[in-house]
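Hi,

Here is the structure I promised to pass on.

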Amino acid sequence: MNNSMNSVQDRYTMNDGRTVPCVGFGTWKTPDGDETYASVMKAFEVGYRYVDTASYYGNEASVGKAVRNCGIPREELFVATKLYTEEPSEQTFVSEIMGSMERLALDYVDLLLIHWPYSQRLHPKDWKELNALEWQVMERMVEKGLVKSIGVSNFSPKYLEALLESAKILPVVNQIEHHPGIAQPETVTWCQEHHIVVQGWSPLGSGQVLADPVLGEIAAKYGKSPAQICLRWAVQKGALPLPKGITEEQLAENMQIFDFAITEEDMCAIAQFPPIGFSGMYIGKFM
Ligand SMILES: NC(=O)c1ccc[n+]([C@@H]2O[C@H](COP(=O)([O-])OP(=O)(O)OC[C@H]3O[C@@H](n4cnc5c(N)ncnc54)[C@H](OP(=O)(O)O)[C@@H]3O)[C@@H](O)[C@H]2O)c1
């Protein structure tokens, strides 16, 4: 995995030959309507080309509107959404995807992800079959041209290995929680060995990591902010962070991560931060 990126518009090549910008813009918890529309427009204006949404976020309509109105050629943008339903069946998978396409009102999406695997804990009898069925429906969307690439989110190696037993298309990305305090090294290594791009959700630990005093000391040493250290750390690990921000200052700050490098010693110190975040809770409860 190469990490010689110089701007948020530089791209990783995925295992299906398509490319993806090395930093994306997140929209979780940004309400549909003016707030999402304005933040995505601002993100595109300052230079982001990748926007991450999900049916679960309830803001696909505003994301799609910003993509249509921003004036940037569609092929320069990268739009990702995620499929999630608590009523898994072939029919609901299809109707959920068509619902996303209608709300986004775009001819195609660049990336569709399984938002969460159906877990062994919650679906002990048929978790493998449900994930396989969801994947088959997504593979058909690629054949139809509605979706360019498909991937997964929150899959540990166990779930990836089960999916690969029947998948015709290899997932191009795995979007996992990844930030100082939650690095998920086993999943990252598994994905990188299988040429699956690791995307980091909550790369700033939803803001919770930023007040850490050690992170503050490291940031001061480089003349950077704690947020920039988190994002640079992710990119140096070969991951693709998806920071969220609302203000223009934050958006611009979060892009200024290509003019310095974190030393190996500081990379290790950051990797050893105590756990903070969601994955432990989700994995313990659902997986
Ligand atoms: N696949 C999944 O299951 C999954 C789960 C969670 C998230 N995600 C994706 O990952 C994206 C990012 O995760 P996230 O939304 O949890 O948060 P995040 O990017 O880790 O952190 C966002 C928080 O940090 C603040 N912030 C942003 N830039 C800052 C800066 N330069 N200085 C100080 N504070 C800053 C923001 O403040 P403001 O509130 O003022 O903007 C916000 O409170 C999501 O939007 C979503 O697209 C995916």
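**What I found**

Setting aside neighbours up to four places away in sequence, Cys230 is in contact with His179, Pro180, Pro203, Leu204 and Val209; contact here asks that two C-beta atoms, placed from the backbone, lie within 7 Å. Before you read on, please keep in mind that this is a predicted model: local features need pLDDT of at least 70, side-chain atom pairs count only at pLDDT 80 or more, and totals for chains, interfaces and linings use all residues. Numbering runs from 1 along each chain as its sequence is written.

Cys230 also belongs to the largest nonpolar core, which has 68 residues; Cys230, Val109, Leu112, Val197 and Leu240 touch the most other members. Such a core is a set of buried Ala, Val, Leu, Ile, Met, Phe, Trp, Tyr and Cys residues joined through C-beta atoms within 7 Å. Buried means 20 or more other C-beta atoms within 10 Å of a residue's own, exposed means 12 or fewer, and partly exposed is in between, with C-beta atoms placed from the backbone. Helix α8 (residues 226–236) gives the most to this core, with 7 residues. Helices (H or I, at least four residues) and strands (E, at least two) are DSSP runs, numbered from the N terminus.

Now to the sheet. It is open and has 8 strands in the order β3-β4-β5-β6-β7-β8-β9-β10, with parallel pairing; strands pair if DSSP finds at least two bridges between them. β3 and β10 (240–241) are the edge strands, each pairing on one side only.

What encloses strand β9? 5 of the 5 residues of β9 are buried, so the strand is largely enclosed by the rest of the structure. Val197, Gln199 and Trp201 lie on one side, and Val198 and Gly200 on the other. β9 (residues 197–201) pairs with β10 over 2 bridges, where Gln199 stands opposite Leu240 and Gly200 has Pro241 as its bridge partner. With β8 (residues 173–177), β9 pairs over 5 bridges, and Glu177 stands opposite Trp201.

Finally, the ligand: 26 residues surround it, and the closest are Gly26, Trp28, Trp201, Leu204 and Gly207. The shell divides into 9 nonpolar, 14 polar and 3 charged residues, where Ala, Val, Leu, Ile, Met, Phe, Trp, Tyr, Cys and Pro count as nonpolar, Asp, Glu, Lys and Arg as charged, and the others, Gly among them, as polar.

Best wishes

Conventions. A residue is near a molecule or strand if its C-beta atom, placed from the backbone, lies within 6 Å of it.
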